[in-house]
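Please keep the sequence and the 3D view open as you read.

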Amino acid sequence: MSELTHPHRLEDLPCHDPFILPIDGGYLLYTAFEEGRWERQIPPGSDYPNPGGAGVLAWWSPDLETWGSPSVVFTVPEGTWADPDRSPWAPEVHAVGDRFVLSTTLHAPDSPLDSVRQRGTLITLESENWASGFAPSLRGSVLAVAEDPRGPFTLLDANQSHTPPEFMALDGTLYRDADGQLWMVYAHEWVQILDGTMEAVPLTDDLAVAGPPRHLFRASEASWFTQVTPSVQALAPYVTDGPQLVPLPGGALGMLWASYRPGEAVATGEYVETQAISPSGSLFGPWVQGAVLVDGNAGHGMLFRAHDGTDVLVLHRGMNSPRVRAELHEVEIAADGVRALRRRG
């Protein structure tokens, strides 16, 4: 693409759960939209038309500074298990073979899941801080495919998610291990199980689910829970968000992920980007939890290599606020994990 239409600075684009894919001549930034929130999704002054429904936008940039030429790459289809009017979460695009694969999370909030019992104990959650309550409902990550990263992407399975349909799951990402096995790594929602987890399901090369889920680790294993004095402030939410796998020099495997660190600033704590390391290089660990990578109510990050050879982390800041924006950080990827070096731009 040579002409950039509807240009905006990155800090002006409303953006949850950013994902950037380098392409020839520039970059694509994927984020979600919903018709009812369109005015908050598109910058003021833009004449880009409301596409209706809910789906995924791709913004294009030649330089990581100015973004524009938005295009709808996916809309939630009618007649599926998911509500077509609910915004997807966490869209990301990966090249798999000769296809591009979109992973995103869909919702059916009016379809409750069965109550959860663990060893005879009924799990329920209530909160005066969340008007919508905590009753588990259908939520899961799905896959869609296209021949071009600009779409349009076609949903592979209209009847259920790629994550287990009885799980309230989110933020699925793709990872191929050293043996060539493809996995969807995802977060199992704390709303359903109190202590959120990271899990993985195997996929065939045709992107079908090939087996039952495997457990990776729990949110309560985060490093800060070992550093705080046990108290009621250290209880739920034990949140797992936004897993992203990164092979490390020397053979270890890293995982970026986001969660809430207990604090008094907001009722739920402070949203942070953290990381875990599997020294063996195996997806199944054991995982060693690391320190916070970026704080200040920022998280849900992913790594990409810019065209100038710089390793870059993109995440969003402003979680649970009216202004959520993507920001870039240059990073170093070392044998013992990822280190944030400086804010870019």
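**Notes for a first look**

1. Let's begin with phenylalanine 74, which is in contact (heavy atoms within 4.5 Å) with Phe33, Ala54, Gly55, Val56, Leu102, Thr104, Leu106, Ala144, Phe153 and Leu155, leaving aside its neighbours within four places in sequence.

2. A word on the source: this is a predicted model, in which local features need pLDDT of at least 70 and side-chain atom pairs count only at pLDDT 80 or more, while totals for chains, interfaces and linings use all residues. Residues are numbered from 1 along each chain as its sequence is written, and side-chain values use heavy atoms, with hydrogens and water left out.

3. Which residues touch the most other members of the largest nonpolar core? They are Ile20, Tyr30, Trp67, Phe74 and Phe304, out of 44 residues in that core. Strand β4 (residues 54-61) gives the most to this core, namely six residues. A separate second core has 22 residues, among them Tyr175, Leu245, Met255 and Val272. (A nonpolar core is a set of buried Ala, Val, Leu, Ile, Met, Phe, Trp, Tyr and Cys residues joined through side-chain atoms within 4.5 Å; strands are DSSP runs of E, at least two residues, numbered from the N terminus.)

4. Tyrosine 260 sits in strand β17 (residues 253-261). Its relative accessible area is 7%, so tyrosine 260 is buried (under 20%, with a 1.4 Å probe and protein chains only). The side chain of tyrosine 260 makes a polar contact of 3.0 Å with that of asparagine 320 (a pair of N or O atoms within 3.5 Å, one able to donate a hydrogen and the other to accept it; residues adjacent in sequence count only if both atoms are side-chain atoms).

5. Now to the second largest pocket, which holds about 450 Å³ of space. Of its 23 lining residues, Phe19, His94, Leu245, Met302 and Leu303 are the closest to its centre. By class, this lining has 17 nonpolar, three polar and three charged residues.

6. How many cavities of 30 Å³ or more does a search of the whole structure find? The search finds one. The largest cavity has a volume of about 50 Å³, and its lining includes Asp17, Phe19, Gln244 and His300. β6 and β20 each supply at least two residues of this lining. (On a 1 Å grid over the protein atoms alone, a cavity is a set of points where a 1.4 Å probe fits but cannot get out, and a pocket is an open set with protein on both sides within 12 Å along at least five of seven lines; lining residues have an atom within 4 Å of a point.)

Terms used:
Buried < 20%, exposed > 50% of the residue type's maximum accessible area, 1.4 Å probe, protein only. Helix = DSSP H or I, 4+ residues; strand = E, 2+ residues; numbered from the N terminus. Points joined across faces, edges and corners; volume = space filled by probe spheres on them. Nonpolar A, V, L, I, M, F, W, Y, C, P; charged D, E, K, R; others polar.
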